[in-house]
Amino acid sequence: MGTLSRVSPVLAALAILLASCGGRAAAPSTASIPSPASPSYELWVVDQGDTTPTGGGTLYIYKSAELNKATPAPVYTVNLGEAALGVGDGVGKHGHSITFNPAMTHAIIAYVDSGHVQVIRASDRKVVASIKMTGSAAGQAQPHATAVTPAGDAIIVANQGGKRLQRIGADFKNDVYKLDSAADLDLSALEDADHPGNLPVIPVFTPDGQYAYVPMRGGGSYVVDYQATPMKTVATLGKSAIGPQQCCATFVKDDTIWTTAQGGATTTTTSFNLYQVTGLPDKPVAKKVLSRTGNVESHSVILVGQYLWVADRFANTLDIVDQTGDARTMSLASGPLAGRDPAPDIMAVSPDGSQVFVALRGKTPLTSNIKGLDNAVGDVGGFAILTVKDSGRDAAVSSFVVLPLAAGASVVDPHGLRVRVIK
């Protein structure tokens, strides 16, 4: 395993189905460079740095062939502030996450600070919809992440600040989008001693497409019938089962999902926790399989081949969990990043499984950072390209890209990134 060293054992076997908060899982591959027959794709990277007085940001789009060059350059750069002017509810602030509809014709960006959800048409990179989500007595609208339904007919929004799960009706063919307020699931009404902070983090669809698994920032999670009006819960876990500060989750088989939780208090400490949840959808049971304290913070999680990859933004490491149940750790401050502070964040895997792209935070992170702790502070401000080795059991940092200071911006702070397969 080279730079990998064994840590705690994990009692689980992993299978390939779905990756969330960083891309869809791909079949395992031992290739280090995509073959000519590999699907053509693009890498979309969102820099949260404001490009207008009210927000904005920058979208960088890289072609797959460009990513294998010594100095990759974007083929398109979109000023998200200028692009949203005059569209719907206008400019958003701090584009935190990005995803695509199943047909890969449109991207959806959630702006965690302003409450906007925007739809971008991939063919011409135009913002075709900008919808300001609604707040509530629980707080102002703060969409942390979105997911497009498997049927491609709606956008499910994790409105963290408003403590709501919301649904936007979506007609991607005709570019018609409308918030369906009747579908709102008021999660604040479900709070109790074991659900003290129902701030939804991310919706992840079950492999059969019938339900959404939604982790809560305050701990615990819900399984939701997202097709009902209003949406309704069908099962739940509490804080006693899964700790606070969850971030990302990925299904590994029909009834099993793995989720990360940063733990600690929301504004003072972090920790590293990885949970396995089985028995979904209606009889969930959670088991903590990895736990560490100190300057650590479990964050993004994806499947690469048959291996679970977990990024630690604070410790600059990558955990790889293999089928025998071993978790192994490698430093991402290695190879071309040796001596650097990469602060790895969201990850995405190439369609053929040969490369993984990792957002690297900047020196002035605009979101997710605890002041004084600096858990999200890095010194790169770009993204790394990892070469997948041994069918996902190992990895190496092959190169990294530093994003420029965008026009109108004062900082560089990439967070959301996603792979778009060109069909």
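Here is a walk through the model, from its nonpolar cores to its strands and rings. This is a predicted model, so local features need pLDDT of at least 70 and side-chain atom pairs count only at pLDDT 80 or more, while totals for chains, interfaces and linings use all residues. Residues are numbered from 1 along each chain as its sequence is written, and side-chain values use heavy atoms, with hydrogens and water left out.

Let's start inside. The largest nonpolar core has 34 residues. By nonpolar core we mean a set of buried Ala, Val, Leu, Ile, Met, Phe, Trp, Tyr and Cys residues joined through side-chain atoms within 4.5 Å; buried is under 20% relative accessible area, exposed over 50%, and partly exposed in between, with a 1.4 Å probe and protein chains only. Leu43, Tyr62, Phe383 and Leu417 have the most contacts inside this core. Take Leu417: leaving aside neighbours within four places in sequence, Leu417 is in contact (heavy atoms within 4.5 Å) with residues including Leu43, Trp44, Ile98, Phe357 and Phe383. There's also a second, separate core of 21 residues, with Trp309, Leu318, Met330 and Leu332 among them.

Now for the rings. The structure holds 5 aromatic pairs. Rings of Phe, Tyr and Trp (its six-membered ring) pair if their centres lie within 6.5 Å; planes under 30 degrees apart are stacked, over 60 edge-to-face, and the rest tilted. Tyr62 and Phe383 make an edge-to-face pair, 5.1 Å centre to centre with 70 degrees between the planes. That pair links distant parts of the chain, since Tyr62 sits in strand S3 (residues 58-63) and Phe383 in strand S28 (residues 382-389), 321 residues apart. Strands here are DSSP runs (E, at least two residues), and helices (H or I) need at least four, numbered from the N terminus. Both Tyr62 and Phe383 are buried. Phe172 and Tyr177 have ring centres 5.5 Å apart and planes at 65 degrees, so this pair is edge-to-face too.

Finally, the strands. Strand S18 (residues 246-253) is largely enclosed by the rest of the structure, because 7 of its 8 residues are buried. S18 runs antiparallel to strand S19 (residues 256-261), with 5 bridges joining them; two strands pair if DSSP finds at least two bridges between them. A hairpin takes S18 to S19 through 2 residues, and Lys253 stands opposite Thr256 in S19. Elsewhere, 4 strands form an open antiparallel sheet in the order S14-S15-S16-S17.
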